[in-house]
Amino acid sequence: MKIKPVKTAVIGCGMISDIYFENLKNTFSIIDLVGCSDIADSKAQAQAEKYNIKKMTNEEIFNNPEIEIVVNLTYSSSHYEINKQAMNAKKHLYSEKMICNDMEQAKELKKIKDDNNVRFSIAPDTILGGSMQTCRKVIDSGIIGEPVFAIASLSRGYHMIKEDKEDAVRKYSVVRKGGGIPYDMGGYYLHALFNMFGPVKRVCGFSKTRNQTRPYLNPRHSKFNDDFFVDTQNTICSSLEFKNGVYATLTLSSECFGNNNIFEIHGTEGILYCGDPNNFGDKIYVQRHGNEKLEFPLTHPYTENSRGIGVADMAWAIRTNRPQRLSFELGYHALEVITAVNNCTSDNSVQFLSTDFERPK
C-alpha cells in the first residue's frame with residue numbers, strides 16, 4: 001500500500017533552517033515540503049528558491065487545508081505565539097525547543113492541543129539518531145548493569161561573542177528570555193536522559209544570570225561600550241532524581257571558556273560514555289569490569305545530521321495511527337525541569353514535578 005506523504009511547511013528560515021530544509025526535502029520520503037515563511041521576507045524567498053517550494057505568509061500556511069504539519073523554527077521568544085496560532089488552525093506541530101518561555105504558557109498550549117486534537121512534537125530530535133538510540137540499547141540490554149547515576153555537563157563561551165552586525169547581540173536569542181543555555185541546550189541532555197530513564201521525580205539546584213549587563217565589544221558598533229541586558233539564566237547546576245531511582249547531575253553554562261561536553265552513565269557493571277547529545281552520530285564508548293574504554297559500534301542508522309527526523313517520525317505516526325516518539329509531554333517535562341531549578345533557587349526548596357510522560361519506544 002502506497003502511503004501519501006504529509007504536506008509540510010516551515011515557519012522560520014534562519015540559521016538552523018537549512019539542514020531542516022535539506023532533510024525534509026531530500027531525506028524523508030514521508031514529508032512533502034511545500035512552503036516556508038519568515039518575518040524577513042528575503043530569508044523566506046531565498047529558501048523557497050533554493051528548495052523549489054513556495055514562499056508563503058504565516059496566514060497562507062495556516063489557511064491552506066492541504067498542509068498538515070507546521071514546523072516552527074523561529075526564535076524561542078516567538079514559539080508561544082506561533083505554536084498557538086498553528087494549533088488553532090488545526091495543524092499538527094513540530095516546534096524547536098523549548099515549547100515556550102514558561103509553564104503557564106505551556107499549560108495553555110496543552111489545552112489548545114487537546115481541544116483541537118492535533119499532535120505536538122518538541123525538538124530536539126537527536127535522540128532518534130544513531131548515537132543516542134545505541135545508548136538507549138546499551139542501557140536496555142544491561143551491558144553496564146543497573147544504571148546508578150548520570151553526569152551531564154556543558155560549558156560554552158557565549159560571553160565571548162563579538163557581534164559583527166549593528167544589532168546582532170540583541171537578535172541573538174541566547175541572551176533573550178527563554179533562550180539562555182538551560183533552554184537552548186538543556187533539552188538535548190534532558191531528552192536523552194528521559195529516553196534512557198523515563199520521567200524525573202524531583203529536582204534541586206541553582207541557577208543564575210552571570211553579568212546581566214555587559215557592553216557591546218565591537219569597536220565598529222554604534223553602541224560600542226554601551227551596556228545591553230541579558231534577560232535569561234545562563235548558568236545552572238542541578239540534581240535530578242528519576243522515578244526509576246537513577247540520579248543525575250545537569251550543569252550548563254554559557255559563561256565559560258570553550259565548548260566542553262561530558263555525558264556519562266555509570267552503572268553497577270560499567271560506564272557508558274555517550275558523546276554529545278547535540279549530535280546524531282558521535283562515537284560512544286563502554287568500559288566494563290576495570291577494562292579499558294572501548295568504542296561500541298552504533299546499532300542504529302541516522303548518524304549524519306538528521307534534524308527533521310522528529311517531523312518524519314510524527315508524519316509516519318499520523319499515517320499509521322501510532323504515538324509519535326517526541327511527545328508533547330516529553331517536551332513539557334523538560335520545560336518543567338528547568339523551571340523547577342529556577343524555583344529551587346528562588347525559595348531554597350526541593351521541587352517535585354507534576355508533569356509526566358510515557359517513555360518512547
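How many salt bridges does the count come to? With a salt bridge taken as a side-chain nitrogen of Lys or Arg within 4 Å of a carboxyl oxygen of Asp or Glu, the count comes to 18. The structure is a predicted model, in which local features need pLDDT of at least 70 and side-chain atom pairs count only at pLDDT 80 or more, whereas totals for chains, interfaces and linings use all residues. Residues are numbered from 1 along each chain as its sequence is written, and side-chain values use heavy atoms, without hydrogens and water.

One of the salt bridges links the side chains of K50 and D18, at 3.0 Å from N to O. K50 belongs to helix α2 (residues 41-51) and D18 to helix α1 (residues 17-26), so the pair ties together parts that are 32 residues apart in sequence. Helices (H or I, at least four residues) are DSSP runs, as are strands (E, at least two), numbered from the N terminus.

Helices α5 (residues 103-116) and α11 (residues 328-347) pack at about 170 degrees, with their axes 10 Å apart; axes are lines fitted to C-alpha atoms over the stretch in contact, and angles run from 0 to 180 degrees between N-to-C directions. The two helices are therefore roughly antiparallel, a term for angles over 145 degrees. In α5, M103, A106, K107, K110 and K113 meet F328, E329, Y332, L335, E336 and T339 of α11, where contact means heavy atoms within 4.5 Å.

A cis peptide bond joins K97 and M98, with omega about -15 degrees; M98 is found in the loop between β5 (92-95) and α5. The peptide bond from A123 to P124 is also cis, with omega near 5 degrees.

Methods
Parallel < 35°, antiparallel > 145°, perpendicular 65-115°, else oblique.
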